[in-house]
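I opened this notebook to record what I looked up about the core and the ligand surroundings. The entries follow the order in which I consulted the structure.

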Amino acid sequence: MIYGIGTDICDIRRIRASLARHGDRFAEKILSDAEMVTWKERGLRWPDRGVSYLATRFSAKEAFSKAIGLGLRMPMSWRNCEIAKAASGKPEIVLHGALKHWFEARELTAHITVTDETDYAASFCVVEKK
Ligand SMILES: CC(C)(COP(=O)(O)OP(=O)(O)OC[C@H]1O[C@@H](n2cnc3c(N)ncnc32)[C@H](O)[C@@H]1OP(=O)(O)O)[C@@H](O)C(=O)NCCC(=O)NCCS
């Protein structure tokens, strides 16, 4: 059964401005260790794609936080919610730490989809319960 749904839209220009103001510290607050590696690789090759990557992660994490009904309240946290990628390219949520325990204890499964255009990134998340 559906446990919750969540959506989010993110203005990529605001993410770019935060990066300009706070540099890597902003990305480090939002991204997991694995996401940081991808962000750095993409940003080095294509700076704009690095910003879009961070914006889609930001929106996906917010969408997930709404689907689980907590918002950005513990145990939900930016870095414990990772948006990984299946071999096919499909995004997948990988959780860490207290959030992983909280999620597994409730026997939940998450589905996430993300999209972006020049100025906006958006995500939609569905969380199912067994
Ligand atoms: C959910 C949250 C991440 C969204 O923040 P945001 O990016 O500023 O706002 P968005 O426009 O993307 O989303 C706002 C909508 O999220 C929804 N929302 C808020 N809390 C939610 C929750 N716990 N679960 C699911 N959805 C939630 C509401 O529909 C809200 O719209 P509304 O205010 O018109 O009712 C953020 O509100 C949050 O973390 N809330 C929990 C912590 C909290 O309550 N802090 C305030 C303490 S005073």
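I took a nonpolar core to be a set of buried Ala, Val, Leu, Ile, Met, Phe, Trp, Tyr and Cys residues joined through side-chain atoms within 4.5 Å, where buried means under 20% relative accessible area (1.4 Å probe, protein chains only). The model is predicted, with local features requiring pLDDT of at least 70 and side-chain atom pairs pLDDT 80 or more, while totals for chains, interfaces and linings use all residues. Residues are numbered from 1 along each chain as its sequence is written, and side-chain values use heavy atoms, without hydrogens and water.

Entry 1, core. I found 18 residues in the largest nonpolar core, and Phe64, Ile68, Cys81, Ile93, Phe103, Cys125 and Val127 touch the most other members. Helix α4 supplies the largest share of this core, four residues. For Phe103 I looked up contacts (heavy atoms within 4.5 Å); beyond neighbours within four places in sequence, its partners are Phe64, Ile68, Leu95, Leu108, Thr109, Ala110 and Val127. I also noted a second, separate core of 17 residues, with Leu31, Trp39, Val51 and Trp78 among them.

I listed the surrounding residues (a heavy atom within 4 Å of the ligand): Asp8, Glu62, Ser65, Lys66, Gly69, Leu70, Gly71, Leu72 and Arg73. Helix α4 (residues 47–67; a DSSP run of H or I, at least four residues) gives the largest share of this shell, three residues. I then checked ligand oxygen atoms against side-chain N or O atoms: the distance is 2.9 Å for Asp8, 2.7 Å for Glu62 and 2.8 Å for Lys66.

How values were computed: Polar contact = N/O pair within 3.5 Å; in protein donor to acceptor, adjacent residues only side chain to side chain. Helix = DSSP H or I, 4+ residues; strand = E, 2+ residues; numbered from the N terminus. Buried < 20%, exposed > 50% of the residue type's maximum accessible area, 1.4 Å probe, protein only.
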